[in-house]
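Take a look at the model below.

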Amino acid sequence: MNVRPDFSKNANMAETAPAFLSVWDMHSYYGESYIVQGISFNVHEGEILALLGRNGAGKTTTLRSIARLDNPQVQRGEIWLDHAPLHTMKAHQAAVNGLGLVPEDRRIIPGLTVEENLKLAQIQPPIGWSLERLYELFPRLGERRLQEGVTLSGGEQQMLSIARALARDIKVLLLDEPYEGLAPVIVDEIEKTLRHIKEQGMTTIIVEQNAVRALQLADRAVILDTGSIVFDGSAAEVLENESLRAEYLAI
Amino acid sequence: MDALILQILNGLDKGSAYALIALGLTLIFGTLGVVNFAHGALFMIGAFCAVTLNRLFNLSHEVEVPGETDFLGNPLMRDVPYLYDIVGESAGAAIIDWSVPLAILFAIPIMIIVGVIMERGLIKHFYKRPHADQILVTFGLAIVLQEIIKYYYGANPIPTPAPDAFRGSFDFGAMIGFDPNTIIYPYWRLVYFCFSVVIIGAVFAFLQFTTFGMVVRAGMADRETVGLLGIDIDKRFTIMFGLAAAVAGLAGVMYTPINSPNYHMGMDFLVLSFVVVVVGGMGSLPGAVLAGFLLGILESFASMREVINFVPGINQVIIYLVAIIILLTRPRGLMGRKGVMED
Amino acid sequence: ASHSGFTNAPGDSTVTLGFNVPQTGPYADEGADELRAYELAVEHLNGGGDGGMLPTFSSKALDGTGILGRKVEYVTGDTQTKSDAARASAKSMIEKDGAIMITGGSSSGVAVAVQALCQEAGVIFMAGLTHSNDTTGKDKRANGFRHFFNSYMSGAALAPILADNYGNDRKAYHLTADYNWGYTTEEAVRNSTEALGWETVAAVKTPLTQTDFSSYIAPVLQSGADVLVLNHYGGNMVNSLTNAVQFGLRDKQVNGKNFEIIVPLYSRLMAKGAGANVKGIFGSTNWHWSLQDEGSKAFVKSFGTKYGFPPSQAAHTCYVQTLLYADAVTRAGSFNPCAVVEALEGFEFDGLGNGPTLYRAEDHQCFKDVLVVKGKENPTSEFDLLEIVEVTPRDQVTYDPSIFGGELGTCNPGA
Amino acid sequence: MFGLEKKDATLLLLVAALTIFAPFLLNPFPEGSAMAQFNAGYPDLMQRFVIFGIFAIGFNILFGLTGYLSFGHAAFLGVGSYAAVWMFKLLSMNVLPAILLAVVMSGLFALLIGYISLRRSGIYFSILTLAFAQMMFALAYSVLTPITGGETGLQLALSDPRILDGGTADGNLPVPGLFGLEMRDSAQLELGAWVFTFNIGYYFCAIVMLLAFYLAIRIFRSPFGMMLRAIKSNQQRLNYTGLNPKPYTLAAFVISGMYAGLAGALMASMDPLAGAERMFWTASGEVVLMTILGGVGTLIGPVLGAGAIKYMENIISKINSDILHGWFAFLPDGLEDFIVAVIYPFIGKGWHLTLGLIFMAVVIFLPGGLVEGGQRIARAFRRKKPDTPKSAKTEPAE
Amino acid sequence: MGILEVKDVGKRFGGLKALSDVNLSVKENSCHAIIGPNGAGKSTLLNCLVGKLIPDTGSVMFDGQSVLGRSPHEINQMGISRVFQTPEIFADLTVFENMMIPLFAKRDGAYRLHAYESVSNERALIEEAERMLDDVNMLDKRHMHSASMSRGDKRRLEMAMCLVQNPKLLLLDEPTAGMARADTNNTIDLLKEIKAKRDITIAIIEHDMHVVFSLADRITVLAQGTPLVEDAPENIKGHPKVQEAYLGETH
Ligand SMILES: Nc1ncnc2c1ncn2[C@@H]1O[C@H](COP(=O)(O)OP(=O)(O)OP(=O)(O)O)[C@@H](O)[C@H]1O
Ligand SMILES: Nc1ncnc2c1ncn2[C@@H]1O[C@H](COP(=O)(O)OP(=O)(O)OP(=O)(O)O)[C@@H](O)[C@H]1O
Ligand SMILES: CC(C)C[C@H](N)C(=O)O
Ligand SMILES: [Mg+2]
Ligand SMILES: [Mg+2]
């Protein structure tokens, strides 16, 4: 059994409840360029965390680091998910341990149909939602199940990408700009879905440029600026704090 | 008419060699996306598995032949395989006679090991590197493998005959009502043809009726995302590589009675097998097989003297000519998938 | 480097020869055997070993003190059996190592190309294994010499034996490697067999790069031919012969006769590659280790003792060429290529394995007995693959030097 | 300088200096010493270095910039050689008309083959070019023997017309030259134990190579060069930016074909024989390997790669066991034999093995080719400063 | 008569009718927005305008000439530039080089063999490129390798590449998706400014209603491959059909 280290020295993590996902002093590089410069934060079980910041702030880099993708390289730091040390793992092991990432460019796999894209997610247990349930949530995907995934419209691809993450039994869902390119109705729908998933106890990190929407959904918010955390607190606080919003989010 | 049937038969046989090699190559090249210039070397190593087994069976001690002398005037020594001592002379001779088919069993594990070592030790680091780097490293590897074989077995071809039972030919023409001696077909070539059909079928079944094929395809298109779905794609790529190596190796084993193996037989086949794979279309196994048979048959037709007399030199260029025509009329070869190695 | 009026004049103590043989590629084993012979020749010239054929050689000019008192040294190079590479290698021997004579090679294309180079550079070329008529025919050069026999001689030697064994009423089918040597060999065999009454049913050219000859072999029976002539060498020959036997041609009866296969040019190394398939098949060869003359015996002994197996015909011709060159220099008293040419032209000698031999002045081709051989039915060892059927006397294979055209030009001593 | 930026001008001057002093640089070991074996400063090899350098520079214009991997470029080299030899046979032994015809002919062939092959991209393009080259090889080797000399190669003959030079007077063949300067003429300089050879042919090739290199730099830095890199990067974007990629790639193909033809003509000028195997796929593969070995898309890389491969082919292949024994003769016998036995498989007839190992070592350890090796060395020298800004690297996460 | 006239355009993908009976007229120097649910066929329509797809039926006239049957580069040379939904840039080139290529295309046409000139001598073009980069706040990134930029930056670069060509018609497929709010606002300003300064017609696809309503003079709503409504922005907002099919309750 893995033991989670004591992160209590970190001032940002004064909460009492034990964290479900912990990132501790993480430093990430793309080759020589130093992007994420030592960030630490916690996410509690069942919570939605909004990760915000400008273009190039390092949000995507953070998510990719947590998901243990080859690039960027995490050169220092620890990542724990439900007692499992993700920082020792490769991407596929992290996924088996319950990590689900919806990447920013959706990454629908060419050459596979919609349904194959979903089936692919269910090859390696643990398996999550059934295909029927997913098609119920996203009827549009059901209609297009035999079409090649990459020929879907932008919004449809986004749905497929989220559905693909849910097709696995995950403990934490990382969403990189899930609303991008979606029609407002769909955004509403996805937001509803996310609330629905949250109700079932899913822990979520959401990166979103539409900060207001994200904050309305989220419990907590972390704001990044050039690779460092400049704010870690409740979502409501950000919505209220005008100067913070103006400085880092320009809203 | 009989001449045409004859050439179709020949073409099928030639084609089955092409198809088998192209099949292994396309598993690596068209599916994993690695330009593997060492594939010919795998074919060659397979053939030398047969040679090696034959040599092992023939490990001998020397016995003096009374009354005879060798070329220097010393007493003549005759080699007696240890095998004869162990299982008796007639059984030993039978085993040696059957060494090529037996080599199949010997070659499968060896080729899988070779393939796995090659993938784990080298190719693995090159999936994300440009094709140019893959070419250089696998070409280097091919040369090294070739030179090692040459160092131990020399440059000359080494005769490795089929079992006596399969020597000679049967009169296929007479069987279907033509004059005798018009359509003859060697037994071993029939064996080779059947063997390749079985192997091709087995590989297809493996990739078609298992999710394995889908996973590998997906992994090739986007390794990163497949990893995000919890799948250890590296492991499957290794298996694929082992499989491809085994297919190439078996093609080599069975080919030895047709042409005596030599260390550069792989290089001789290499370019042709690339042509076959590409004409078949990148990423398509059926395409590779189809192209193999098609080019084999066309090559056979082009070697008929009626054809050569009509267009001198056509037998030299037919394969390339057909390749050009097919690639110009069908952008992705016969059955290629879009986007595979198109940039 | 000194200004003696010819290229690479040797210093006072040593002289450098260039051995240019295929070390990589399909003929590498043949090249390796040639190299062994060269090393043996150098050893003997320098007075080492048992002297090999020096004692049996009819000219007694050589005494084991090197050449004109200079110790023989050598450099080696790789022709890769490509004319470009062979020329590059020869050039480096001439330009860098100061070689005064280049020898070796395992194909006519290379021989012709290197011979031309030596002519331009002003050094002597002693051809190794090259069998095409062109080498001393249309592409002959004043600075180049060939001891090996050629296609014409093969045809002339084979035809009578074939007629004796297979009769005068045969229908032949030729498969011919599609390049110069193939053309001259086919022509030679055709001319000589047709003169004896054979009919040539068809002649089909096969690509040099061909490995599987099935589609060329399969139609042979249909054509009504009862003899198949394989104008192939090296890997081509091994494969086409293996394929032909596979198709069961040799078990067939056509026109009421046994179907036969002929390989005009044999070599032991190739016969080994084809294995049991060569049994009973006729061909010709320049020399074979089982010859019982004194020269051959001495050479086989000396080579066999050193390396543990008998020499190939390639080794033999290379050894002899080296001795002949050294002898010519000694007799001429000079390394000047023009003096060497003069000494070799019209030179009559014996004791080097093929009986009395003439280096003909008109085309620098050796004329000597030619062997007709047959694949042995019951070999006693892995070297004992061919048996000599006939030693065709030299007169029977001699031809008019003008029939192949070409001009020798004049000898070039270089600068 | 010469319309180049400082960095490029420096590179050009450096290359110029290296080629001019090559006879010294390549002959570092005294004549007759054990190491003299490694000297490469003799005319034939020096000529080969620069000629294959030209071939690789041209190839890199296509492959390095556009990413189109031609597997049949040797065909143009062959065409150039044949054209040049025919010029020697028919017109004159002067190399200029030969080179001119060679470049024009190879350009025409490249135009035709490129026009057809460029209808496809990626591996399909590679196989099309391969197929064309193999067809040309096969035909040159056999059916076209009357034009190409077949297996032996196309040679000069005493009976050639040579319209401008008049017939051949004495019994020897004339040599290629440039207005009376014979390509094979050399001068030698002896300095103590060292002998240096200065060959006219080499310097002629070197000058041509410098011109070719200069032109390549211009192309790399030109808008045209930038378009070619854009083609490699994203053809779709290029299309929607209003540019037609086809003529650009075709122009690159033709230019690199002409470079190949130029190299072929120079080969024929140094040694007037053109063989078909120059067009075989292994020859096309060789230039690919040269370019990758040196560094794809870099200016100097292909030249280095060409040099490395030709050095192996000509120097390593000539070391035989005799020479090895000579080197290690000072060792006790047993040890000597042991060392010779260990090294022997890698030299002489084993030179391919060494070549293969070097290919592998370079890609594995120097992903950018030899140029990358050079850069690393340069960086190691420059980075003598104490502060390494890599404190974060101390504790890897895995 | 508008500068762009789309008449009865239809396009099928296999069984799917992606577009049918699309009629559209874009007035010169106006900004025409096309909105609609995901998969409505907006991008498909754009593809038909730039030569990526050829419609099955109908005609497309630009500036009095048909664009059908012309290749993309010819259409661009007629004066149409396009920003893609997923950024299409020259990833191996620097930002600066990315800017130079459209400038060359504009000055020299579809092909010119300028192999002997030097890029660094093109003072005029370089200045123009730098001015444009400055306009989109990317001047400091000009030597950056464009592959290593964050996605928002790539998008901005692509837009700059199109704008610098000074096209008659600019087609924007979700130009601000994934852009930080601050940059979105900048982009709106930039487009407004450009519209004011030059003669340019803009057709924009966007799901961000803030952008749409700030820029558009006229809006077409596309649903299931056919125009649903076409009207002035103020009429669209309240349109019940649009609300139901597209905007959802939040707008
Ligand atoms: N593959 C890469 N190689 C090098 N640098 C990169 C790479 N990807 C991103 N970067 C750099 O890392 C920094 C952070 O990028 P990241 O993608 O994490 O930003 P982001 O916060 O997700 O921005 P956006 O909102 O635009 O998506 C940027 O400055 C970017 O230039
Ligand atoms: N190449 C194709 N093959 C098959 N179907 C396609 C293809 N391209 C698009 N489609 C389908 O056509 C419909 C319209 O797609 P399009 O990309 O035009 O939508 P869109 O309006 O741009 O949507 P979004 O706002 O999500 O980007 C979609 O249902 C899509 O799945
Ligand atoms: C070695 C030879 C006998 C055959 C060779 N190819 C030649 O041309 O001569
Ligand atoms: Mg991002
Ligand atoms: Mg769209």
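Two strands pair if DSSP finds at least two bridges between them. Strand β4 (residues 57–62) of chain E meets that rule with β5(E): two bridges join them. The two strands run antiparallel. Keep in mind that this is a predicted model.

## The sheet in chain E

Chain E holds an open sheet of four strands. Their order is β2-β1-β4-β5, and the pairing is antiparallel. Which strands sit at the edges? They are β2 (16–26) and β5 (65–66) of chain E. Each of these edge strands pairs on one side only.

One bridge can be named. M61(E) has S66(E), in β5(E), as its bridge partner. A helix also packs on the sheet: α1 (residues 42–50) of chain E. This helix touches β1 (4–13), β2 and β4 of chain E. The direction of α1(E) makes about 65° with that of β2(E).

## Ligand 1, between two chains

Where does ligand 1 lie? Its place is between chains A and E. There are 19 residues around ligand 1. Those that come nearest are G56(A), K59(A), T60(A), T61(A) and S148(E). By type, the shell has five nonpolar, nine polar and five charged residues.

In chain A, a polar side-chain atom of T60(A) is 2.5 Å from a ligand oxygen. In chain E, a side-chain N or O atom of S150(E) lies 2.9 Å from an oxygen of ligand 1. G152(E) uses its backbone instead: an N or O atom there is 3.1 Å from a ligand oxygen. On its own, ligand 1 exposes 640 Å², and the protein buries 84% of that. Two elements give two or more residues to the shell: α1 (59–66) of chain A and α5 (151–163) of chain E. The largest share, three residues, comes from α1(A).

## Ligand 3, in chain C

The residues that surround ligand 3 include S106(C), S107(C), L129(C), T130(C), W181(C), Y233(C) and L265(C). How many charged residues does this shell have? It has no charged residues, but five nonpolar and five polar.

S108(C) places a polar side-chain atom 2.5 Å from an oxygen atom of ligand 3. H131(C) has a backbone N or O atom 3.3 Å from an oxygen of the ligand. Y179(C) lies by a nitrogen atom instead, with a polar side-chain atom 2.8 Å away. Alone, ligand 3 exposes 270 Å²; the protein buries 99% of that area.

Notes
Residues numbered from 1 in each chain as written. Chains lettered and ligands numbered in written order. Predicted model: local features only at pLDDT ≥ 70, side-chain atom pairs only at ≥ 80, totals over all residues. Heavy atoms only, no water. Near = heavy atom within 4 Å. Polar contact = N/O pair within 3.5 Å; in protein donor to acceptor, adjacent residues only side chain to side chain. Areas by Shrake-Rupley, 256 points an atom, 1.4 Å probe, with all protein chains shown as cover. Nonpolar A, V, L, I, M, F, W, Y, C, P; charged D, E, K, R; others polar. Contact = heavy atoms within 4.5 Å. Axes fitted to C-alpha atoms, helices over the stretch in contact; angles between N-to-C directions.
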